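Hello,

I am passing a structure on to you, and my notes on it follow below. Please have a look at it before you read on.

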Amino acid sequence: MKKDFSIVGKSVPRNDGKAKATGTATYTDDIKLPGMLHGKILRSPFPHARILNIDTSRAASLPGVKCVITGEDTPKIKYGNWRLFPDTQDEYPLAIDKVRFIGDEVAAVAAVDADTAEEALELIKVDYEELPGIFDIDSAIKEGAPVLHDYCPGNISVNRKIHYGDIEKAFAESDYVREDVFNVHAVSPAYLEPCAAVAQCDLDGRITLWTSTQVPYIVQCLLASTMGMRENDVRVIKPFVGGGFGGKMELRTWEFCAAFIAKKTGRPVKFTMTREEEFLAGRRRHAMKLYSKVGFKKDGTLTGKDLRIYLDGGGYNAMGPTATFLCGTFGAMLYRYPNYRFWGQHVYTNKPPASAMRGFGAPQSLFATESQMNIAAEELGIDPIELRIKNAQVTGDEIPDVATISSCGFIEALQKAAEMSGWKEKRYSPKPGQGIGIGCYSFISGGVFNWFNTQFPFSAAEVRVFDDGTAHLLTMAADIGQGCDTVLKQILAEELGLKMEDIRITSADTSTTPQADLGAWGSRLTMMNGNAVLDAAKKIKAQLFGAVSARQNLNVIHELGCKDGMVFPKSRPDRGIPFGEAVAMAQKANRGEPLVERGYYTPRDKGLVTPAFSFGAQISEVEVDKDTGVVRVKKFWTAHDCGTVINQMAVEGQLEGSIQMGLGYALSEQFVMEDGKTLNTNFLDYKMPNAMDVPPSEVAHIETYEPEGPMGAKEAGEGLAIPTAPAIADAVHHATGYRCKDLPITPEKILAGKKD
Amino acid sequence: MKQIIELNVNGESYTVAVNPWQTLNEVLREEINLTGVKLGCGSGDCGACTVMVDGRAVSSCLSLAVEMVGKEIMTVEGMAPSGEELHPIQESFVKKGAIQCGFCTPGMELTALNLLNNNPSPTYNEIREALAGNLCRCTGYKKIIEAVGAAGQKMKEASERKTS
């Protein structure tokens, strides 16, 4: 299946590298428009309170203040990404009647400069009636607990169940059954660019919004609905975005406020969040409590799994419903569970809403899976890698109600990781204070679910070709740093036989790029937009081939190809015609009509979750200081299967970046909370790994070919956020005897739990 | 009360009216429109706002603009000798895949320049140490460290060519 590629598979430098290297890349906060106002948001100081009254008069009369709004001024329309289930849409752009977490948005001010807007916030008087708050899952689901949302008396907003086989029977027939409770904590996506939005309203009342988002189309739709406008009257443009990792995939308050105030005042408005706001009130990865029970036969064959998960959702659903759903899906991945039962519940608490973050439920769910595999291996007396290979999913496996795995290099990844790391020797002849451990992952290549209820295809691409031998690719795919602009250009260049510099790209502008695209999340873009680009390119090629075929009077049985800037009959490569000339011929044949084609991709009949899964294994080696309990990771070895690698350097970059994030998740990053208040709201106290903390790593790409993916490609980079924490936890156990079931792995826990 | 001050940035002189509490970051971005200078945290923790002042890398979010009078300030926009060419550090960042979202890039590059000016042949560990005050959430630092090493090599070769 593997083809000989010219551009795909190479380490092609980023499309936007020069712009970013020279500081000319324009991010949202870099935009300045004539007469622009600066906005600030007033946030709730209480975790749970009723709003009795808001007096904005003093703020409004401060010189320089042009507009003050509260929830009462807005159309009071709730929003949320699950449009198909309006019950789940539980958030207003500005609080109505009640606040549900410290940092909940209460009012917004726009003034001639940011200092004045900030000063005005102090002058807004809000009378609150404090209500009892709930700050953990157990208190939230207790009988008689305070209720956050009237529609949801038990504080459980989403229930998701999966059941196949007969789990009770499976456990009864097992030789070994293991039951554990795991607690995983919330962490911040901590993208370097704080969220920002700039809105402008034209004289016809139409809005243009530049915003730091992963989902321009979703923002367009939800902004329109919350403003009471038509979708086509809202244009969303994604400038350069400084990372997202899931934290920028919903409509957010400042986007609404910028648009609403721009419309009200007739002046452009900019809102930019501070880092403190990002940490205090920003989206975060769900903390979860996971009850997991697995059964095995004596020989290590898995008999089944029963997984019960509570997600600590914070004050609103945000992307919690999707995370709840996906936790259950991921719980059934990696290994063959003939019997499986899952029950996930999304719980409201008076904390900042948790949402999507790299891995989207998988880092949590698979931390439990992987830790339990390691525990079981030890108790069954089987090597953890052998136990995994014995139960590993393989190509062609069906997961009931979920999908058929169409490509899978999991076993090869396990073998390769073991070989690279010297697993056998290090695991069975360890040095004192050192340990080696393993964690694995599987991830989706975009979701097939449509809870957003889009009426458009899942992805679209428009390709225009010109007689000067160039092409223009238009796509709504959002490059937020991961590099999809470059990858999509590579796919198009490969298919049309052009060079990277022959292709111009316009992306992520809802008024000019083709409808639609659900955004950059769930590792969608290579698979979904790559396929849309290929579809458009194939239609272009059909036109070119027709024109060349007619010109050369070719027998209809001849196949044609595009390569090195030429269009040629494959049987007579010497009779090629330059690409631009072929375009001119096709255009002439169509009496001058420009050669433009659109391509689409919507996964159909691909089960309930995703068209393709990635797989991989990671091994980490650690050294634990016996006196201080401090963990130093010495090295990582990763073997992963992302199908065809489209861009070698980009995939490596994803992998290396995921190690930084996984390392922080395992060892150092956490929110320090007190009664719903986040205490560590800066990078000094929120310990994100720096260049000194990240250890060396080695990587092997396991070559598979994903039949559903563009040129055989599938997900790369998001799934890799998963294995690091369980691999480190296993290595720490190997070094110290302490088995962490309660992330993060801190020196205090190690010292308390180690076995000498 | 605003003060009129003169700032020397990237070899050009700018006369600006600033409040005494305004940071160099704010003045560079808002008054002089050098938006290549980023603001990631505002508290000197992330390094995204790094600029060179009299040849030393500093956090522009922690520096007051009024204290910068008479000093030579360089931002990412002033790194390359001309608009067309890239500075070897910038070129190396592009080629080695050291850039993803790009938000930390200007600060990283200037911190790298600071390092290479003082230590033309840093070891891998010396580069890691020098970059430890600049946070990146995308790359895991590996390609950045490699890019700085490669740029150092290139700059050294170029300066040796010049002197020989």
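In which sense do strand 2 of chain A and strand 6 (residues 125–130) of chain A pair, and over how many bridges? They pair in the antiparallel sense, over six bridges. Here a pair of strands needs at least two bridges found by DSSP; helices (H or I, at least four residues) and strands (E, at least two) are DSSP runs, numbered from the N terminus.

Before going further, please note that this is a predicted model, where local features need pLDDT of at least 70 and side-chain atom pairs count only at pLDDT 80 or more, while totals for chains, interfaces and linings use all residues. Residues are numbered from 1 along each chain as its sequence is written, chains are lettered from A and ligands numbered from 1 in the order in which they are written, and side-chain values use heavy atoms, without hydrogens and water.

Back to the strands. Within the pairing with strand 6 of chain A, A:Ile54 has A:Val126 as its bridge partner. Strand 2 (residues 49–55) of chain A also pairs with strand 4 (residues 98–99) of chain A, again antiparallel, over two bridges.

The structure holds eight cavities of 30 Å³ or more. A cavity is a set of points on a 1 Å grid over the protein atoms alone where a 1.4 Å probe fits but cannot get out, and lining residues have an atom within 4 Å of a point. Volume is the space filled by probe spheres set on the points.

The largest cavity contains about 640 Å³ of space. Its lining has 39 residues, and those nearest the centre are A:Gln482, A:Ser523, A:Gln654, A:Ala716 and A:Glu718. By class, 19 are nonpolar, 15 polar and five charged (nonpolar: Ala, Val, Leu, Ile, Met, Phe, Trp, Tyr, Cys and Pro; charged: Asp, Glu, Lys and Arg; polar: the others, Gly among them). Helix 17 of chain A gives the most to this lining, with three residues.

The second largest cavity has a volume of about 120 Å³. Among its 13 lining residues, A:Arg14, A:Met649, A:Ala650, B:Ile99 and B:Gln100 are closest to the centre. Helix 17 of chain A again gives the most, with four residues.

Best wishes

Note on methods. 1 Å grid on protein atoms, 1.4 Å probe; cavity = no way out; pocket = protein on both sides within 12 Å on 5 of 7 lines; lining within 4 Å.
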